[in-house]
Protein chains: 2
Amino acid sequence: MRTVDLVLVGLGNVGRAFVKLAWEKKSLCGERYGLDLRLKAAFNSKGGYLADFSVHSEGLADMPAAPPSVGWKQGLRLADALGNGPPGVLVECTPTDIRTGEPGLAYMTEALGAGWHVAAASKGGLVADLPGLLLLARAKGVSLKYSGATAAALPTLDVGQASLAGTVVSVIEGILTGVTNHILTRMGAGISFDAALKEAQALGIAEPDPSLDVDGWDTACKILLIANSVAGTAFRLSDVARQGIREVRPDDILAARRAGRALKLLGRFERDGSGAGGRIEVGVSALGPDHLLHGISGTNKAIVFVTDTMGTVAVSGGKSDPQGTAASVLKDIINIYR
Amino acid sequence: MRTVDLVLVGLGNVGRAFVKLAWEKKSLCGERYGLDLRLKAAFNSKGGYLADFSVHSEGLADMPAAPPSVGWKQGLRLADALGNGPPGVLVECTPTDIRTGEPGLAYMTEALGAGWHVAAASKGGLVADLPGLLLLARAKGVSLKYSGATAAALPTLDVGQASLAGTVVSVIEGILTGVTNHILTRMGAGISFDAALKEAQALGIAEPDPSLDVDGWDTACKILLIANSVAGTAFRLSDVARQGIREVRPDDILAARRAGRALKLLGRFERDGSGAGGRIEVGVSALGPDHLLHGISGTNKAIVFVTDTMGTVAVSGGKSDPQGTAASVLKDIINIYR
């Protein structure tokens, strides 16, 4: 049995779901993978907990993300959390800021620099400087995994990097944001964008500030990370031609449907003939019935890879909720040690 | 750059496609993965070639699988091929014999015993004794990979073992044999089973002896290997309740279609409540339009995994031809060294 120390940063929905899941899966991870997962610390920008996973963490998911609560240490920082023991895995679940990449970028840099692996669920820091983080990870001989930031329970990087190893991927396109697909699906029932958005917010599917999703930023971040990781490109967020779904009207959806088509917000990469470059974009497309993404509705996600020697491979499904995201982080941790 | 010696056994369509592909992908494997692939030998039960990949193997794909031809060594055996150099990867592409598992089982046992990794495309030896081969590989500290035997370019094991690591998989079901799906698709156009089979044979999709495919053995072998690898079961081939497609009539397909359903030959595993056991079967099912496998037609394949914490994940596509199979073997080789 190998002991794996975990440090969690970020105590939002995903962070809390991860604590709960890691506790529930503790014996499975031991029996099936020989890994004894221990949550050494869990904190956010205000402070946090230093915990022995096996004793305290079942209850941690219900603890408030701020004082006062039993065991809370105000001002706890990453350096305290990493401590003096053997390196383990930083679980990065902070809120995404796509302008600065912080606080995720600083946390990941500090952890990798200290010889810790990183399993990231938040996109900001990765979008800000994936090449720099990967370089640092390689220099330190550790892993940087980010399934949680690239459509989470829908396998995207695993398939693109491992299952399609040795191929040249010419096109990647996906429905990568559950919220926007759900809103478009509901608008197909005739309700307006505003009404569908309010409904999604009431259901807890959409954020109070929905602009990251509905303006296409979330899809842009994901297709960017996937393309750069799978196709060897070096796009920056400013390279992504981006269109959201605010301008879509129910009539557009109904008109498309009458023509046998479905409107979907797609993230799309297409390689150009000359090498590692190409075009990357986010926008609404009217897909015909033969398109592999035509039938993907509600909060479901899916991705299609077009290759030279393995044909076209499509993946769909994977839970779009905090538990599904947490499960993708746990998956990354397990695979780091296999 | 790491030199990787390869020994190929089996000079049929897949073996020859592998030689061609490995040659075409030689520079990509060097640049992207730092692997210098060298084909050290290629042989079958009669004899074969000892070759320096970088010099001779482009032409090898066109050489006959028997004497007389330039460089052919009658009676070449695996021990000669493994030679005295550092261990590499045995590429196992022999014909599948599901009764004895030979000759694949003996070749894989000898190679693993000599400290070589194995990437297998043929099912026989794996179906005969996967647990024994995995135990030997573990004892020797080497890898046994078999994507090529488990639906090849359709990622099944990668997704089930790596992308879904940490989950409990309760159901696996798939359209795993391109030939039978193609025949059923053509029968949907109104032609008989016999006519559709003859057509598939004329197109080179079906074998001269089609019984492995049309009687469900091929699907049975694949669902067996996938379930045992992903769900931790220990099924034997005799445990698979198996039905083929010989009895299906065009009228059955048309009647199903009028009811909005599609007839598909499925391999299916369902866990029972009590632990690692469950039911494994191959048979024709009438799938409704909401089923994720409903729209998979022609030689396309697909697989669905139902999990506890990641929801349902479906994978479809992947080329069903010797090049696609060869590409899945190359993928396994690359992943052995990552």
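Val313 of chain A stands opposite Gly317(B), a residue of strand E13 of chain B. This pair belongs to a place where two chains of this predicted model meet: strand E13 (residues 312–317) of chain A and E13(B) pair in the antiparallel sense over 5 bridges.

**Where the chains meet**

Let us look at the contact from the side of chain B. Here 31 residues of chain B are in contact with 31 residues of chain A. Helix H2 (26–33), helix H7 (157–163), strand E13 (312–317) and helix H13 (322–336) of chain B each supply at least two residues of the side that touches chain A. The largest share of that side, 7 residues, comes from H13(B). Sorted by class, the side of chain B that touches chain A has 15 nonpolar, 12 polar and 4 charged residues.

How are the two chains related? Two copies of a chain are related by a rotation about an axis and a shift along it. A rotation of 180° with 0.0 Å of shift along its axis superposes chain B on chain A, with an RMSD of 0.0 Å. That is the relation of a two-fold axis. Among the residues of chain B, Val315(B) comes closest to the rotation axis, with its C-alpha at 2.2 Å. The copies meet through the same surface, because 100% of the interface residues of chain B are also interface residues in chain A.

**A sheet inside each chain**

In chain A, 7 strands form an open sheet in the order E4-E3-E2-E1-E5-E6-E7, with mixed pairing. Its edge strands are E4 (72–74) and E7 (144–145) of chain A, each of which pairs on one side only. Within this sheet, strands E1 (residues 2–9) and E5 (residues 89–92) of chain A run parallel and are joined by 4 bridges. Leu8(A) stands opposite Val91(A) in E5(A).

Now for strand E5 (residues 89–92) of chain B. Strand E1 (residues 2–9) of chain B pairs with E5(B) in the parallel sense over 4 bridges, and Val7(B) stands opposite Leu90(B). E5(B) also pairs in the parallel sense with strand E6 (residues 117–120) of chain B, over 4 bridges. There, Ala120(B) is the bridge partner of Glu92(B). Together, E5(B), helix H5 (residues 104–113) of chain B and E6(B) make a right-handed β-α-β unit.

Which residues cover the two faces of E5(B)? In a regular strand the side chains alternate between the two faces of the sheet. Val89(B) and Val91(B) lie on one side, Leu90(B) and Glu92(B) on the other, and all are buried.

**A covered helix**

Helix H11 (residues 217–230) of chain A has 14 residues, which at 1.5 Å a residue should span 20 Å; its end C-alpha atoms are 20 Å apart, so the two values agree. H11(A) is mostly covered, with 13 of its 14 residues buried. Just after H11(A), Gly232(A) takes a positive phi of about 70°.

**Backbone details in loops**

Some backbone angles deserve a look of their own.

| Residue or bond | Feature | Angle |
|---|---|---|
| Glu102(A) and Pro103(A) | cis peptide bond | omega about 5° |
| Glu102(B) and Pro103(B) | cis peptide bond | omega about 5° |
| Ala151(B) | positive phi, not a glycine | phi near 80° |

Pro103(A) is in the loop between E5 and helix H5 (104–113) of chain A, and Pro103(B) lies in the loop between E5 and H5 of chain B. Ala152(A) is found in the loop between E7 and helix H7 (157–163) of chain A. Ala151(B) is found in the loop between strand E7 (144–145) and H7 of chain B.

Why does Ala152(A) count as buried? Ala152(A) counts as buried because it has 30 C-beta neighbours inside 10 Å. Ala151(B) has 31 C-beta neighbours inside 10 Å and therefore counts as buried.

Terms used. Residues are numbered from 1 along each chain as its sequence is written. Chains are lettered from A and ligands numbered from 1 in the order in which they are written. Two residues are in contact if their C-beta atoms, placed from the backbone, lie within 7 Å. Ala, Val, Leu, Ile, Met, Phe, Trp, Tyr, Cys and Pro count as nonpolar, Asp, Glu, Lys and Arg as charged, and the others, Gly among them, as polar. Two strands pair if DSSP finds at least two bridges between them. The expected span of a helix is 1.5 Å times one less than its number of residues. A residue is buried if 20 or more other C-beta atoms lie within 10 Å of its own, exposed if 12 or fewer, and partly exposed in between; C-beta atoms are placed from the backbone. A crossover is right-handed if, with the strands pointing away from the viewer, the path from the first strand over the helix to the second runs clockwise. Copies are superposed by least squares on the C-alpha atoms of residues with pLDDT of at least 70 in both.
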